[in-house]
Amino acid sequence: MNSFQPSTLILLVLIILMIALMWWTSRKQRSQQNKIQDFRKALKPGDEVATVSGLLGTVHSVDLDHDEIVIDSEGSLSKWRIQAITEPPVRPAYISDDEVDEEGNPLPKEEDGTGQDKADSTDTTPSEDADQKSFESQPSQTDGNN
């Protein structure tokens, strides 16, 4: 009689996988908690911080013996428990749609900075450019007042 069946093997593999997943997630969570704890212990006056409720400010003073921190937010001092402190959010740099192509890649920089191609700028003479500018700056006249 065979006491080792395939269903037993599948059950054993599933149990091992579950234990491995639980160990991996607990290890990841523990390292994340250690990182946050090290951040909080290294706080000093002048560091930018945020609270879990969203208050942004700079550290005014730290009291690790009582797990308290005083934050200066636009001139207003407030006392918080150190457990409520997180790293401030990273503000992404703003990039205009005019600076990238359809795929999000940066457009090449223009050398002359005028926004015109060199072929376009050679089509007119400087006197023609001045005439065009003076024409554009004149107010338009309407026929309704005659």
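Mentor: Before we start, a contact means heavy atoms within 4.5 Å. Keep in mind too that this is a predicted model.

Trainee: How do I get the overall layout, and in what order do the elements run?

Mentor: Count the elements, then walk from the N terminus. There are three helices and five strands here, and the order is α-β-β-β-β-β-α-α.

Trainee: How much of the protein counts as buried?

Mentor: Of its 146 residues, 11% count as buried. The protein exposes about 13,000 Å², and carbon and sulfur atoms supply 54% of that area.

Trainee: What does UniProt place at residues 6-25?

Mentor: The unreviewed UniProt entry puts a "transmembrane region" there. In the model, that span is 100% helix and 0% strand, and its end C-alpha atoms lie 29 Å apart.

Trainee: Now charges. How many salt bridges does the structure hold?

Mentor: The general idea is that side chains of opposite charge can pair when their charged atoms come close. This structure holds two salt bridges. In one of them, Lys 79 pairs with Glu 68, at 3.8 Å from N to O. That pair links distant parts of the chain, with Lys 79 in strand 4 (residues 76-81) and Glu 68 in strand 3 (residues 68-73), eleven residues apart. Lys 79 is exposed at 59%, whereas Glu 68 is partly exposed at 29%.

Trainee: And which residue does Lys 44 form a salt bridge with?

Mentor: Asp 47, with the closest N and O atoms 3.3 Å apart. Lys 44 is partly exposed, at 47% relative accessibility. The Asp 47 side chain also reaches the backbone nitrogen of Lys 44, at 3.0 Å.

Trainee: Where does Asp 47 lie, and what does it touch?

Mentor: Asp 47 is in the loop between helix 1 and strand 1 (48-51). Leaving out residues up to four places away in sequence, Asp 47 touches Ala 42, Gly 57, Thr 58 and Val 59.

Key. Residues numbered from 1 in each chain as written. Predicted model: local features only at pLDDT ≥ 70, side-chain atom pairs only at ≥ 80, totals over all residues. Heavy atoms only, no water. UniProt positions renumbered as here; feature names shortened; annotations may be inferred. Helix = DSSP H or I, 4+ residues; strand = E, 2+ residues; numbered from the N terminus. Polar contact = N/O pair within 3.5 Å; in protein donor to acceptor, adjacent residues only side chain to side chain. Buried < 20%, exposed > 50% of the residue type's maximum accessible area, 1.4 Å probe, protein only. Areas by Shrake-Rupley, 256 points an atom, 1.4 Å probe, with all protein chains shown as cover. Salt bridge = Lys/Arg side-chain N within 4 Å of Asp/Glu carboxyl O.
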